[in-house]
Amino acid sequence: MSRYCRPRVFEDGRVKPDAFCLRPGEDYLSLHWLEFLGARSQADAVDQLRASMTGTGFKLGRNGCFAVLRVGQAKAVVSDIAGIELILEHMPVENDPAHSGMFGSQLHELAVATELAFLVTDDDIYPARI
């Protein structure tokens with residue numbers, strides 16, 4: 001899964017926990033199911049995602065990034081630390097067939113967001129714009 005991170009939640013080469021907090025009005029965390037895109041590599045999937053989001057008029061910030069999470073790892077860590085079961089659901093929308101949602105983080109949002117941010121390594125960060 002990948003999450004677009006606005007420039008304000010990406011600092012000093014790291015994704016801050018704010019990147020995985022719900023935005024106002026959201027009841028789930030909006031993500032993209034990279035495997036759905038059928039790319040040969042994670043980098044190729046992010047390239048496809050970047051191109052598709054640009055085509056929808058979504059504004060990708062110059063200093064924004066895509067942070068990639070391994071679903072199994074994220075679910076296991078959040079379950080172990082916070083006792084929360086994350087639920088991921090494929091939720092395609094017009095012009096965004098890989099769109100998905102993560103449910104279950106609302107009650108312990110900061111703890112979940114902190115753990116998810118910690119899981120993102122340097123190899124999991126891709127610039128939003130090339």
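Is L34 buried or exposed? L34 is buried, with a relative accessible area of 6%. Here, buried means under 20% relative accessible area, exposed means over 50%, and partly exposed lies in between (1.4 Å probe, protein chains only). The model is predicted: local features need pLDDT of at least 70, side-chain atom pairs count only at pLDDT 80 or more, and totals for chains, interfaces and linings use all residues. Residues are numbered from 1 along each chain as its sequence is written, and side-chain values use heavy atoms, with hydrogens and water left out.

L34 sits in the loop between β4 and α1. Helices (H or I, at least four residues) and strands (E, at least two) are DSSP runs, numbered from the N terminus. Not counting residues up to four places away in sequence, L34 touches M1, S2, A45, V46, L49 and V68. Contact means heavy atoms within 4.5 Å. One of these partners, A45, is eleven residues from L34 along the chain, and the two C-alpha atoms are separated by 5.7 Å.

Helix α3 was examined next. The helix spans residues 109-119. Its buried residues are V112, A113, E115, L116, A117 and L119. The cover over them includes two strands, β3 (14-15) and β4 (29-32). Helix α2 (71-82) and strand β7 (99-103) also contribute to that cover.

How do α2 and α3 pack, and at what angle? The angle is about 140°, and the axes are 10 Å apart. Axes are lines fitted to C-alpha atoms, for helices over the stretch in contact, and angles run from 0 to 180 degrees between N-to-C directions. The two helices are therefore oblique to each other. Angles under 35 degrees count as roughly parallel, over 145 as roughly antiparallel, 65 to 115 as roughly perpendicular, and the rest as oblique. The crossing of α2 and α3 is right-handed. A crossing is right-handed if the near helix is turned clockwise from the far one by less than a right angle, and left-handed if anticlockwise. On the α2 side, the meeting residues are Q73, A74, V77, V78 and I81. On the α3 side, they are V112, E115, L116 and L119.

E115 carries a charge within helix α3. Lys and Arg count as positive and Asp and Glu as negative; His and the chain ends are not counted. E115 is buried yet has no salt bridge. The nearest side chain of opposite charge, R14, is 10 Å away. A salt bridge is a side-chain nitrogen of Lys or Arg within 4 Å of a carboxyl oxygen of Asp or Glu. Leaving aside residues up to four places away in sequence, E115 touches V77, V78 and I81.

Side chains of opposite charge can pair when their charged atoms come close. How many salt bridges does a search of the whole structure find? The search finds three. One joins E11 and K16, with the closest N and O atoms 3.9 Å apart. E11 is partly exposed at 43% relative accessibility. K16 is also partly exposed, at 27%.

Another salt bridge joins D47 and R50, at 2.6 Å from N to O. Both residues lie in helix α1 (residues 42-55). Being three residues apart there, they are separated by about one helical turn. D47 is partly exposed at 37% relative accessibility, whereas R50 is buried at 9%.

A further salt bridge links D124 and R70, at 2.9 Å from N to O. This pair connects distant parts of the chain, 54 residues apart. D124 lies in the loop between α3 and β8 (125-127), and R70 in the loop between β5 (65-68) and α2. D124 is buried at 1% relative accessibility. R70 is partly exposed, with a relative accessible area of 41%.

Two other loop residues were examined. D12 lies in the loop between β2 (10-11) and β3. D12 has a positive phi of about 55° although it is not a glycine. With a relative accessible area of 75%, D12 is exposed.

P92 lies in the loop between β6 (87-90) and β7. P92 is partly exposed at 49% relative accessibility. Apart from neighbours within four places in sequence, P92 is in contact with P97 and H99. P92 and R6 are 86 residues apart along the chain, and their C-alpha atoms are separated by 21 Å.
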